[in-house]
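Hi,

Here is the structure I promised to pass on.

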Amino acid sequence: MKSLLKFPFPLRLASLKSGLFWRTFFLLGALTTTSMTAWVGMISVVQHEPQVQQISAQVISVVTITHAALTHAAPELRRELLFDLVANEGIRVFTLEEDDQVAPPANNALMPDIEQLVRAKLGQDTRFSSKVNGVSGFWVSFKIDDDQYWLMLERERIRGLTGIQWLGWASVVSVVSLLGAAFISSLINLPLRRLTQATRDFAQGKRPAPLPERGPAEIMEANRSFNQMVTDLQQVESDRAVILAGISHDLRTPLARMQLELEMANLSTDAREGMQSDIGQMDAIIGQFLDYAKPTEASSFVNVDISELLTDTAHEAARLPDVRINTDIAPDAHAMGNATDIKRVINNLIENARRYGRTADADYTEIDIKCSVKGMHAAKRVTIEVQDHGVGVPPDQIEQLLKPFTRLDAARGQANGAGLGLAIVDRVITRHGAELNVRNREGGGLQIQIVMKAL
């Protein structure tokens with residue numbers, strides 16, 4: 001009940017953007033409109049005959065009583081009687097003249113049947129009109145002896161609901177029905193909207209609040225299952241962190257011992273360097289596994305100066321003897337994130353370019369690092385680009401680059417590693433709610449673009 005009180009009219013922007021919301025809304029609206037149309041048609045058919053009988057009886061009764069009153073009243077009292085009819089009953093009696101300007105009777109579905117019933121009682125020469133000599137009303141003629149008269153009734157006394165009134169009431173009912181349909185659609189979609197938002201938050205590395213386990217059985221079961229899944233996955237993350245910490249210690253300790261024994265062993269220079277290279281590669285692979293499995297907690301996000309981070313990273317990479325760094329970094333670029341993880345991403349991209357994107361006909365790798373800020377307010381974005389000048393990747397194999405344990409040696413040259421470099425990048429960027437684009441650079445090489453929400 002508490003959640004319902006928060007949404008007395010829950011037409012939020014998220015609801016309006018929901019395809020399911022509009023589908024439910026239009027289905028309910030169509031059902032309501034069809035039902036209302038059928039109801040109006042049924043009422044019109046059912047009430048037609050009773051309304052004709054009622055109006056005809058009223059007209060016949062008024063004309064008959066007026067005729068009798070005027071016929072039997074003393075001549076000197078007829079004028080006073082006419083005044084009483086006007087004042088008390090809204091009935092006016094006029095002499096019918098040959099030069100009267102007579103308009104045809106009202107054009108509606110009831111009038112033909114009313115004329116038929118009235119003429120059957122008052123005579124076939126009874127005339128009807130909606131306006132006589134410019135005066136609107138319900139006009140019906142009658143005879144006293146050889147003289148003819150007009151009797152005028154106020155329209156309000158005999159008419160039912162007009163077409164405009166029916167349209168007005170139908171419009172009011174339609175608007176209320178559509179508002180009700182929108183309210184019901186929003187309430188129906190509210191649990192699904194909560195589940196969608198919680199799933200989106202969890203995919204971005206956030207810990208969503210537990211979903212309410214109440215409501216219909218299906219919704220309650222889905223929310224309970226989602227809450228249990230989140231709890232289980234968080235426990236798996238925690239257990240994996242403990243296991244990986246043990247693996248790091250258990251594997252790197254023997255590697256350090258092997259490295260020490262290698263230094264003390266009586267080996268040739270080539271053999272020592274080869275074994276040192278193998279141990280270094282094993283240590284790097286272990287590091288990649290740890291980086292790939294390490295979770296990125298959204299709670300650790302802070303305001304990161306992307307410009308300063310890229311400048312420092314580029315300066316460190318420029319110290320490598322086989323790397324040439326070109327930078328074009330816009331100042332004051334800020335975004336929410338984990339500075340350590342973002343720096344790891346940039347270092348992985350630089351290392352990936354250094355290994356696989358060596359510049360053609362050169363003994364070094366040329367790497368461009370760019371940063372720009374575009375847009376305003378909510379649309380403001382920080383764009384980071386890291387690109388090399390190598391041979392690039394076949395377009396049909398670009399998607400394979402982001403998969404774990406994938407190395408396209410045929411396209412990017414031979415290199416050692418576990419194939420987790422770009423997979424780590426994709427994992428971290430996804431947890432930051434950013435966008436990662438991989439494409440070939442014009443003129444040769446691979447371009448990695450990261451788009452983050454700017455502050």
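This is a predicted model: local features need pLDDT of at least 70, side-chain atom pairs count only at pLDDT 80 or more; totals for chains, interfaces and linings use all residues.

Numbering starts from 1 along each chain as its sequence is written, and side-chain values use heavy atoms, leaving out hydrogens and water.

The sheet is open and has five strands in the order β6-β8-β9-β11-β10, with mixed pairing. β6 (323–329) and β10 are the edges: each has a single partner strand, so one side of each lacks a neighbour in the sheet. On average, neighbouring strands here are turned by 15 degrees against each other, direction ignored. Strands (E, at least two residues) and helices (H or I, at least four) are DSSP runs, numbered from the N terminus; strands pair if DSSP finds at least two bridges between them.

β6 runs parallel to β8 (365–374) over seven bridges, and Ile 329 stands opposite Cys 371 in β8. Helix α10 (306–317) packs on the sheet, touching β6, β8 and β9 (381–388), and its direction makes about 165 degrees with that of β6. Contact means heavy atoms within 4.5 Å; axes are lines fitted to C-alpha atoms, for helices over the stretch in contact, with angles from 0 to 180 degrees between N-to-C directions.

Finally, His 432 sits in the loop between α13 (421–431) and β10 (435–440). His 432 counts as buried because its relative accessibility is 11%, the cut-off being under 20% (1.4 Å probe, protein chains only).

Cheers

Note on methods: Buried means under 20% relative accessible area, exposed over 50%, partly exposed in between (1.4 Å probe, protein chains only).
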